[in-house]
2 protein chains.
Amino acid sequence: MTGARRIKLIVAYDGTHYNGWQVQPDLPTIQGTLEALLEQIEGARVHVAGSGRTDAGVHALAQVAAVSICNPIPCPNLKKALNRLLPRDIRILAADEVAPGFHPRYDARSKTYEYRIWRAEVCPPFERLYVHHHPYPLSEEKLAAAARRLVGEHDFSAFAAADDRDQLGRSKVRCIHSSDVHRRGDMLAYRVRGSGFLKHMVRNIVGTLIEYAKGNLDDAGINSLLRPGASRRAGPTAPPQGLFLIGVEY
Amino acid sequence: MTGARRIKLIVAYDGTHYNGWQVQPDLPTIQGTLEALLEQIEGARVHVAGSGRTDAGVHALAQVAAVSICNPIPCPNLKKALNRLLPRDIRILAADEVAPGFHPRYDARSKTYEYRIWRAEVCPPFERLYVHHHPYPLSEEKLAAAARRLVGEHDFSAFAAADDRDQLGRSKVRCIHSSDVHRRGDMLAYRVRGSGFLKHMVRNIVGTLIEYAKGNLDDAGINSLLRPGASRRAGPTAPPQGLFLIGVEY
């Protein structure tokens, strides 16, 4: 592509009404929505590369994407044009020209996710799409301790989605840099930063942490899940709407 | 109704998907949704009295309602049953038995509303249903000054909806107890407490405050709108999704 520029986009989205990030035929997706609009602007098919997929119903505060376009539109105008054309549940927070080789997935050093659990008996209407409502008894101390236990390099095979075909035969060892639980009013926020995440991994971690915090799983159980070749599967998979991709670090 | 108990309900709702509080044939409303469920529980038609209507798309943190039912269900169980049956965008925050004569509208001393204006260039996806996105230049000092100007007793005829037939011939004098603007990050929150509000009154106040803060209306203009028999109409009417009924004071 002569004259093509590489543009890095920071994208926030409410995943409620989308079948996740990745393009799927006849289903609304974030990537598909962005590609359709960029095709209008570019007058040709545009591939939007993302830092990784998010599942149906999962949100992003700052997903990172990149596109190569020949249209000479200045970046601030591109941002404005996209925000004018996009549905209001997808917003471009930044658009900047970067080196031609930039790839949001392969260049990422780490990613940060947050999972939000609402602890009060009643979940406010305004939070319902953005938290997992779990008002049942659990030990926050145990939740926090089990979260910290995950820091370091582990084989997360037991935490991958059963149908994660992309990862067949590939290493499922990932490094978790930080893994903490914070209380914010009636909300428990679990924040995890790591070198990479398998499909459903964060949601399976959260499901496992909750089981541990309720006393349904002990230390030996957690340890056995983190062992290479674990026979048990982690989980259950916590529901998608509590999960936010917070950011991608380069 | 022999044995009927009067129950006061505190109701929070996300008004996005409703045609306002008041029952309307074949349209989803908050009152209609509550009445249909209470009829299931009571086995007979139940009238839900509210502290006042909210327009289509307007939200409530703590609307107050009251019902008379004969079903002996304890209040905590009624609250749980309603929250199990209601859609998740309507929540019962409290259910308590009160004096038989309690009426949420006639007994109210004052009501508090908040109107949220998002000032940043980009409106986050998660705020889009709960703010009026107005990133254009305006003077926050003028906004705050004009807000304070409304405190006291005034004839708000110019701020009533043109089609407010319920109020035909009735006094449109209302007393505003407080009227302030606060900044919370990228949001401007206008909070107003008053003895009562006409249809569209808060939204017309906000539209008028913004016009003043943009220099499109001067002090004489505001004064003339507050004069009995004002010939001009206030406004424009700010959009509904920025408005929250915060609470009702008894």
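Helix H1(B) has as its buried residues B:Ile30, B:Gln31, B:Thr33, B:Leu34, B:Glu35, B:Leu37, B:Leu38, B:Ile41 and B:Glu42, where buried means under 20% relative accessible area with a 1.4 Å probe and protein chains only. The model is predicted, with local features needing pLDDT of at least 70, side-chain atom pairs counting only at pLDDT 80 or more, and totals for chains, interfaces and linings using all residues. Residues are numbered from 1 along each chain as written, chains are lettered from A in the order written, and side-chain values use heavy atoms without hydrogens or water.

The buried residues of H1(B) pack against strands E1 (5-13), E3 (59-69) and E4 (90-98) and helix H2 (75-85) of chain B; helices (H or I, at least four residues) and strands (E, at least two) are DSSP runs numbered from the N terminus. Just after the helix, B:Gly43 takes a positive phi of about 75°.

Turning to the interface, 24 residues of chain A are in contact (heavy atoms within 4.5 Å) with 24 residues of chain B. The area buried between the two chains, that is, the accessible area (1.4 Å probe) lost on being put together, summed over both, is about 1900 Å², with carbon and sulfur atoms giving 63%. A:Arg88, A:Phe126 and A:Arg128 supply 38% of the area that chain A buries against chain B, more than any other three residues. Across this interface there are 5 salt bridges, each a side-chain nitrogen of Lys or Arg within 4 Å of a carboxyl oxygen of Asp or Glu. One of them joins B:Arg128 to A:Asp14, with the closest N and O atoms 3.0 Å apart.

Technical notes:
Buried means under 20% relative accessible area, exposed over 50%, partly exposed in between (1.4 Å probe, protein chains only).
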